[in-house]
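Here's a quick briefing to read alongside the model. Have a look at the fold first, then go through the points below.

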Amino acid sequence: MQFHHHGYVSHDPRLLPASGTGLDRPAEIPDEIDVLIVGSGPAGMLLAAQMSQYPSITTRIIERREGRLVLGQADGIQPRSVETFQAFGFAERIIAEAYNIGWMNFWGPDPQNRQNIIRTARTADYAFDICEFPHLIVNQARVLDYFAEAAADGPGRIVPDYGVEFTRLTVHPSTGSGTEGEYPVEVQVRHVAGAREGEERTIRAKYVVGCDGARSGVREAIGRTHVGAMAAHAWGVMDVLVNTDFPDWRTKCAINAEAGNILHIPREGGYLSRMYIDLGEVAQENNREVRHTPIEAVIAKANEILHPYTIDVKQVAWHSVYEVGHRITDGFDDTGEDATRHPRVFLTGDACHTHSAKAGQGMNVSMQDGFNLGWKLGAVLTGRSPQELLSTYGAERHPVAQQLIDFDREWSSLMARKPEEISDPQELANYYLATAEFPSGFMTQYTASMITGSDAHQDLAAGFPLGKRFKSAEVVRVSDGNVMHLGHHARADGRWRVYAFGDATGAGLDAWAEAVAPLLARFTPADGDVDAVFDVKAVYQQSAEDLDVTTAPALFQPKSGPLGLTDWEKLYASAPSHWSATDIFEERGLSRDGVVVVVRPDQYVAAIVPLGAVDELGAFLEGAFLEV
């Protein structure tokens, strides 16, 4: 973590100095705002935390609840989400309080007595083989708390406006002068709690983001439709504190029995666990009566499935009954069939995709929706990028949501099978491991666009697939010899990362730095730090012992903040030494002739170009940025 570059800091360095709209944030929502976020779920709170890094933008987030979420329904945190938490500065703290999924065990009928269950497989969790980040379980409410802290501690000082309900909106043409043209989205809201309960008012916004769940009012207001259907299968879910003789109570388990199925997930804290209990097929004439199944019946069904083991439930923290549904919205913004109009209203999370909870994807994919959209809104509203950038949100996230629906439909079907439908007891375990890249959050790969370039040079950086998230590896920081993951230095601050890999001699990194500095300056405000838009990191093939930070090009030792202090954390070494055995060039298949990898603010690889192809790099940047 870097701080002090704006002067000595004696308080918590995560509390960034307020600026812009954060200096005198009004208690009342202004009549005219830049971004209105509707809903404080995972996508909404991540979006608020991201927008707090753009204090020149007026952002407000409204929530119908009277206060913070106390008990969240979602709890699975995939490795990609933990990587995202790190970018927002709280991964270590949430890992400390979460349950770390180390194993997943599989249970099936005992061939000697099919009314009993026995363990059929024990597999290490997929996170260990995929990345350096763990697979966690933690209450959604705590995830929202951490994002709320990041939003409140960011320069924009964003906090939710609780007790405010969205009622409707109208999108006016964004042409001409005056308020209606500059703030074309007219939004009606109502106070539903506190002294102003029942009061209604109108707000005008440049952009509105619907993060308001499966029954989204924003989705309805822009005429978007949820496409899909409910599956005729019901599940009970409960968070419980129990005493039991089931030996795998603190291990994630998929249990397939003659009496039904259970997905069992230990929760944080050492005692709490969640159980998804198969309640069977639902008759069409049931008319959703299954949703009123009493908790006592759900517990009894769990004990029937677990036989010969039992659970003695001491407390039920939360429970529900639901039917599996798979729906995706026909579009993620308000443009409809008009491809010539720029979007003004966006949908995220459950507002645009719903599915079962058993694959542990809902909160995770929703957060990535918010991460994808946040920096794009920031770039457009601060004048860094053209408005066309906002159209890439739906173009990128809709295919991801469809992949999620397809994956969850197959996983839910596998989980709901009867024992006689399973020919291989290892089948579910094999599927769990074989498909691990998708649920872990690392299969997303964005296709060519104004922010994802050509793959013509992919062979120069085989380990950094274009359009996929930047997969970090260890390097040595030259200034102090510390070993660190190159990607872990990135923060959710809206900046792009430019990683230059090469040599210290000949037409290597030093020559590249001199040639590329004027290019990057074309898109960087003159009154800001030289790395305000592009955080450039150089990774040399030489050993750290053979490099000297003070002789590096100015691009690799920029002066930051009002004091003009040298940034000592731009220069890295790859060559194995007594500090590290890792050679990132070997580990990520990087060309020894040099290569530049450009990474978006949401950590996805945007461009790969040869070290000497400065013009090609410039052509890519010209498509994604506006010159200042």
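A residue counts as buried here when its relative accessible area is under 20%. By that cut-off, strand β11 (residues 200-210) is mostly covered, with nine of its 11 residues buried. Keep in mind that this is a predicted model.

**The whole protein**

- The protein has 14 helices and 27 strands.
- For 628 residues, a compact globule would come out with a radius of gyration near 25 Å, and the protein's 26 Å agrees with that.
- Along the principal axes, the C-alpha atoms fill a box of roughly 75 × 65 × 50 Å.
- Burial covers 58% of the 628 residues.
- If you take contacts between residues at least 6 apart in sequence, 74% of them join residues at least 24 apart.

**Strand β11 and its partners**

- Strand β1 (residues 32-38) pairs with β11 in the parallel sense, over six bridges.
- Strand β10 (residues 185-191) runs antiparallel to β11, and six bridges join the two. Here Val185 stands opposite Ala205 of β11.
- Strand β17 (residues 345-347) runs parallel to β11, with three bridges between them. In this pairing, Gly210 has Leu347 in β17 as its bridge partner.

- Strand β26 (residues 595-599) is largely enclosed by the rest of the structure, because five of its five residues are buried.
- Both faces of β26 are covered: Val595, Val597 and Val599 are buried on one side, and Val596 and Val598 are buried on the other.
- Strand β21 (residues 496-502) pairs with β26 in the antiparallel sense over five bridges, and Arg497 stands opposite Val599 of β26.
- Strand β27 (residues 605-610) also pairs with β26 in the antiparallel sense, over five bridges. In that pairing, Val598 stands opposite Ala607 of β27.
- The hairpin of β26 and β27 has five residues between the strands, and Gln603 takes a positive phi near 80° there.

- Glu83 lies in helix α2 (residues 79-88).
- Is Glu83 buried or exposed? Its relative accessible area is 4%, so Glu83 is buried, given that the cut-off for buried is under 20%.
- Which residues is Glu83 in contact with, leaving aside its neighbours within four places in sequence? They are Phe133, Phe442, Arg469, Phe470 and Gln603.
- One of those contacts is Phe133. Glu83 and Phe133 are 50 residues apart in sequence, while their C-alpha atoms are 6.6 Å apart in space.

Notes: Residues are numbered from 1 along each chain as its sequence is written. This is a predicted model: local features need pLDDT of at least 70, side-chain atom pairs count only at pLDDT 80 or more; totals for chains, interfaces and linings use all residues. Side-chain values use heavy atoms; hydrogens and water are left out. Helices (H or I, at least four residues) and strands (E, at least two) are DSSP runs, numbered from the N terminus. Buried means under 20% relative accessible area, exposed over 50%, partly exposed in between (1.4 Å probe, protein chains only). Contact means heavy atoms within 4.5 Å. Two strands pair if DSSP finds at least two bridges between them. The radius of gyration is taken over C-alpha atoms; the globule rule is 2.2 Å times the number of residues to the power 0.38.
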